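Q: How do I read the contacts in a structure with several chains? Please take me through them one feature at a time.

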Amino acid sequence: MSATSKFLIIGLALLVSIALPPFLSAGWQNALNTMLIASLFALSFNLLAGQAGLLSFGHAAYFGVGAFAALHLMLAVEDGLPVPTPLLPLAGALAGLVAGVVSGWFSTMRSGVYFALVTLAIAELFHSLTPHLQGLFGGESGISSMRMPWMGIRFATILEVYYLTLGWFVICAVLLWAYTRTPFGRLTLALRDNEQRVRFMGYDAHVSKTLIFTVSAMFSGVAGALQAVTNETANYDLFSAGVSSQVVLFTYVGGATLFFGPVFGAVAFTVFAFLMSDLTRSWLFYQGLIFVLVMLYAPHGIGGALAMQLRQWRELDWRRLVKPYATATVGGLMIAAGVVFLTETVSILFGLDYEHARTLTPDYLPDFTLMGQVWSPVAVSTWVLPAVLLIGGIALLQVARRWLDHSDDAMAASDTETSKGSV
Amino acid sequence: MEFFFISTLNGVIYGLLLFMVSAGLSLIFGMMGVLNFAHASFYMLGAYLAYALSSVFGFWGGILLAPILVGLLGMVIERGLLRKVHAHGHAHELLLTFGLAMIIAETIKLFFGDFPVNYQIPTELRFSAFTVYGTNYPFYRLFIGFVAVMMFIGLWLLLSRTRIGIVVRAAERLPAMAEALGHNIPVVFMGVFGAGAALAGLAGAVAGAFYPTNPNMAAELGVIVFVVVVVGGLGSLKGSLVASLLIGLFSSFAVGLDWSLAQLFGLFGLGEWAQSVGGLMTLELSSVSGTIPFALMLIVLLVRPAGLMGERN
Amino acid sequence: MTAIETLNALKLTGVDKSFGSLSVIKGVELSVRKGHRHAVIGPNGAGKSTLFNLISGMFPLTAGEIELNGQRISGLAPHKINRAGLSRSFQITNIFHKMSVFENLRIGVLAKHGSRFDLLRPISRMRSINEETGRILDLVGLSVRSGHLAGDLSYSEQRALEIGMTLSTGAEVILLDEPTAGMSREETAQAVELIRKVTEGKTLLMVEHDMSVVFSLCDRVSVLVYGSILATDTPAEISKNSAVQQAYLGEDAA
């Protein structure tokens, strides 16, 4: 993709995110706000995980610290401290920075799995200790505050909060992107690639990694602060393993090797969660399934796979690819439909409502409703449908793969040189 | 005295239970370098499967079949999934197991709901082993400890006395060499992964009847098991045993003690100052009993990452 | 900075190294004159790579002292030794595989100019850095490969890059660990010319197996056998030394 089209896409996305929200429902405005916070969190996490190759399993710590810091500042503003509301996230940045320096110094003493375990232990330390610390973290119930008006802006509606979040997201994203263009940003990549060599070229690897960790924690703190400003409350649950896991999930599904990959993951998951949470109880199951499938079949994330396709856009012979790609899409959709059908059926058949219905009719299994249709658990047709979807979908995928292998061979034979030159 | 005796016994038995789960995790890490985030999920799966199967095959049938099924699932996961991402490195393997842990937890919620299930000790096992200081000590607790000890002896005999054990130990130390000597290392890996899963499943099947069986049990035990294997030394069985007992005893004693840092300072005449500082100073040991293991883990990771008994970093 | 001017760029005094009970380096005394090209030869397992690892700070010494331009460097971390002016290459190619050739070299140039932690300027605007990187790229003959991923280079190109990276940090004392290992005869000849060119005016200490390389390139040769220096002399004298022939060349022929 050329630089111009990249700027066009980003500009368009920015325009939409400014112009569209006023026409949306409060629910959607809230979802978009969550999406931006998750995106910023994932971007800052990915600085560490994707760019420096340091997999942290405890980034909730810095998100949480940022949130609490912002709330303390909000409380101070309530008491008359003259800090404009839009600057509240600075408290999160500062807290994340301080926590990041300390944790970063210790955790980057180790690498690989041991690094992951140190970060996990630090986050668990926060999570298990904070409910007992009344002053700083408000004990089990946490602390709450209120957004104060500033310069005539009341920050009373979610839309106003959304624009505040958007502003901070854009600033932070630009800064994080600029980071990758600095000498230190390049060193970050070199550290991931070959830390030993970096050391023998005159760099203090430990100090460098601490600095990277700190920058990442600082931006995570901003994300946490934005969440605190939005919710006007925070409790120790922000430090839970669940929060740390979510950001790992967003980042790797979106693609840790791309700068905007994590944003892609965060946006996709928060939008789906918003749409799905009303429709199904099994959203987290699908989320886990998607994550594992991505790990297995698209190790660089969905964003990574798409980027690869885009990069080869011109070289690929699309006429030859239309057929296998269309077939694969149909196959994938069939499998997805089959899995969803089975999951939802299980969810109903093993649910409390159905158990209740069974007690009313002790002798036979009552029918159930799914997707507006009535199904009988003992009818063959109920089970034939998902079976056909799954088997048919797998078969189609196999066919598509065989076609692709053929066309790959053909292409490899015809133009080895061009594909080599493109790397 | 009563507190001491009962706490020691409870602590040792809880420690043995921890060991049943951590043994497999440690063995798998030592051999394959994979930190299996889904290991505690095997424990949870063992409990739920035993519960489901016990309604058909009875309590003993459940306890016997559940670990076998979990072990088979472990083998399938190693063979079909882990091996696929092996080329992308250990971090990727770790992420995959992390995803699997999510799927297992959500699948269990799908079938059994969000609340604890009624997995109970059968009435014939529900009696007290002995009475001390007027307290009836449940026989089933001893039974959990007994199963763990039998497992440890069995595992130890298998690893030290049999041909399989020699191959497994060789594969752990020098996989490439063992493979060059004609041993089928992929099968050994699959076997060890399956066996580790089965052990965790057995622990779940046995302990699930005593402790609550709920969809959070994997997450709760999982972090403690990480603490155990780190403190004991990743890859060291003996270390896992020692660390399991240590953590077990600690958890059992800490809940009953109201010591605080302020009291410690009180011994040096600084008690009042410490009380006035508050915060961390006045926290009682019983309320931070959940924190100490992580602090311990952190200290071990930073000071001696090889753990108490581990040989290498 | 020390005021003492020495003739020796590198000086090892009584250097010992043992791993557990295994003694690998025993009482090594070695001086490398400023501006010299100095080779360390010896049979396999003599401890040549270990010696390099000791000098460059990868392992701590068990005993002894190492001085660089009269300044003690033993006990320092690798990055400090590099900043003191000693840079090393690796026997097994040790590059940034997923970065471009240009960037591989630029990492070193940035280190040389102290732009290690620069977070405030875009790298593309640092003209002198980029120009200097370009010069090193030219020097090692990889200009046409500038934008390619280092991992995609051929083996001998990667060896040339390895040398370029060693130079890029601007060190005056260069350690090359078997720079021609695994190369064909033509590639070796090219590598020798490259090494000659790039170490002009610098001090070079290299581990080398190929005697013809040593003879054509080096002013001094030290023979390391079982962790001790057997002899240090000019290549011509060394080839005549009977003890060396017995311990090393004879053994090689057998």
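**Helix packing and chain contacts**

A: Start with a pair of helices in chain B: the axes of H8(B) and H12(B) come within 9 Å and cross at roughly 35 degrees. Keep in mind that this is a predicted model.

Q: Which two values describe packed helices?
A: The general idea is simple. Two packed helices are described by the angle between their axes and by the distance between those axes. H8(B) passes H12(B) in a left-handed crossing.

Q: Which residues make the contact of H8(B) with H12(B)?
A: From H8(B) come Val223(B), Phe226(B), Val227(B), Val230(B) and Val231(B). H12(B) brings Pro293(B), Phe294(B), Leu296(B), Met297(B), Val300(B) and Leu301(B). Now sort them by class. The contact has eleven nonpolar residues, with no polar and no charged ones.

Q: At what angle do the axes of H4(A) and H10(A) cross?
A: Helix H4 of chain A spans residues 89-107, and helix H10 of chain A spans residues 205-231. Their axes cross at roughly 145 degrees and come within 6 Å. The crossing of H4(A) with H10(A) is right-handed.

Q: Which residues of H4(A) and H10(A) meet?
A: On the H4(A) side they include Gly92(A), Ala93(A), Gly96(A), Leu97(A), Gly100(A) and Gly104(A). Among those in H10(A) are Thr210(A), Phe213(A), Thr214(A), Ala217(A), Met218(A) and Gly221(A). By class, the contact of H4(A) with H10(A) has twelve nonpolar and ten polar residues, but no charged ones.

Q: Now to whole chains. Between which chains are the most contacts?
A: Two pairs of chains touch, and chains A and B have the most contacts. Chains B and C do not touch. Their nearest C-alpha atoms are 14 Å apart.

Q: How is the size of an interface often given?
A: It is often given as the accessible area lost when the parts come together. Take chains B and A. The area buried between them is about 3900 Å², and carbon and sulfur atoms give 81% of it. The contact takes 41 residues from chain B and 39 residues from chain A.

Q: Which residues of chain B lose the most area to chain A?
A: They are Leu95(B), Leu110(B) and Leu302(B). Together they give 17% of what the chain B side buries.

Q: How many salt bridges and polar contacts are there between chain B and chain A?
A: The salt bridge count is zero. Four residue pairs are in polar contact, both residues at pLDDT 80 or more.

Q: Which helices of chain B supply the side that touches chain A?
A: Helix H2 (39-85), helix H3 (90-112), helix H8 (217-232) and helix H12 (292-303) of chain B each supply at least two residues. H3(B) gives the largest share, 14 residues. By class, this side of chain B has 29 nonpolar, nine polar and three charged residues.

Q: What is the area buried between chain C and chain A?
A: It is about 2700 Å². Carbon and sulfur atoms give 64% of it. Here 39 residues of chain C are in contact with 24 residues of chain A.

Q: How many salt bridges are there between chain C and chain A?
A: There are two. In a salt bridge between Glu103(C) and Arg186(A), the side chains meet at 2.6 Å, N to O. The interface of chain C and chain A also has 16 residue pairs in polar contact, both residues at pLDDT 80 or more.

Q: Which helices of chain C supply the side that touches chain A?
A: Helix H2 (78-83), helix H3 (101-112) and helix H5 (155-168) of chain C each supply at least two residues. The largest share comes from H3(C), with seven residues. This side of chain C divides into 17 nonpolar, twelve polar and ten charged residues.

Q: Where is a positive phi found?
A: Most residues other than glycine have a negative phi. Phi of Glu232(A) is near 60 degrees, a positive value. Glu232(A) is in the loop between H10 and strand E2 (233-234) of chain A. Phi of Tyr226(C) is positive too, near 50 degrees. Tyr226(C) lies in the loop between strand E9 (220-225) and strand E10 (228-233) of chain C.

Technical notes
Residues are numbered from 1 along each chain as its sequence is written. Chains are lettered from A and ligands numbered from 1 in the order in which they are written. This is a predicted model: local features need pLDDT of at least 70, side-chain atom pairs count only at pLDDT 80 or more; totals for chains, interfaces and linings use all residues. Side-chain values use heavy atoms; hydrogens and water are left out. Contact means heavy atoms within 4.5 Å. Buried area is the accessible area (1.4 Å probe) that two parts lose on being put together, summed over both. A salt bridge is a side-chain nitrogen of Lys or Arg within 4 Å of a carboxyl oxygen of Asp or Glu. A polar contact is a pair of N or O atoms within 3.5 Å; within protein, one must be able to donate a hydrogen and the other to accept it, and residues adjacent in sequence count only if both atoms are side-chain atoms. Helices (H or I, at least four residues) and strands (E, at least two) are DSSP runs, numbered from the N terminus. Ala, Val, Leu, Ile, Met, Phe, Trp, Tyr, Cys and Pro count as nonpolar, Asp, Glu, Lys and Arg as charged, and the others, Gly among them, as polar. Axes are lines fitted to C-alpha atoms, for helices over the stretch in contact, and angles run from 0 to 180 degrees between N-to-C directions. A crossing is left-handed if the near helix is turned anticlockwise from the far one by less than a right angle, and right-handed if clockwise.
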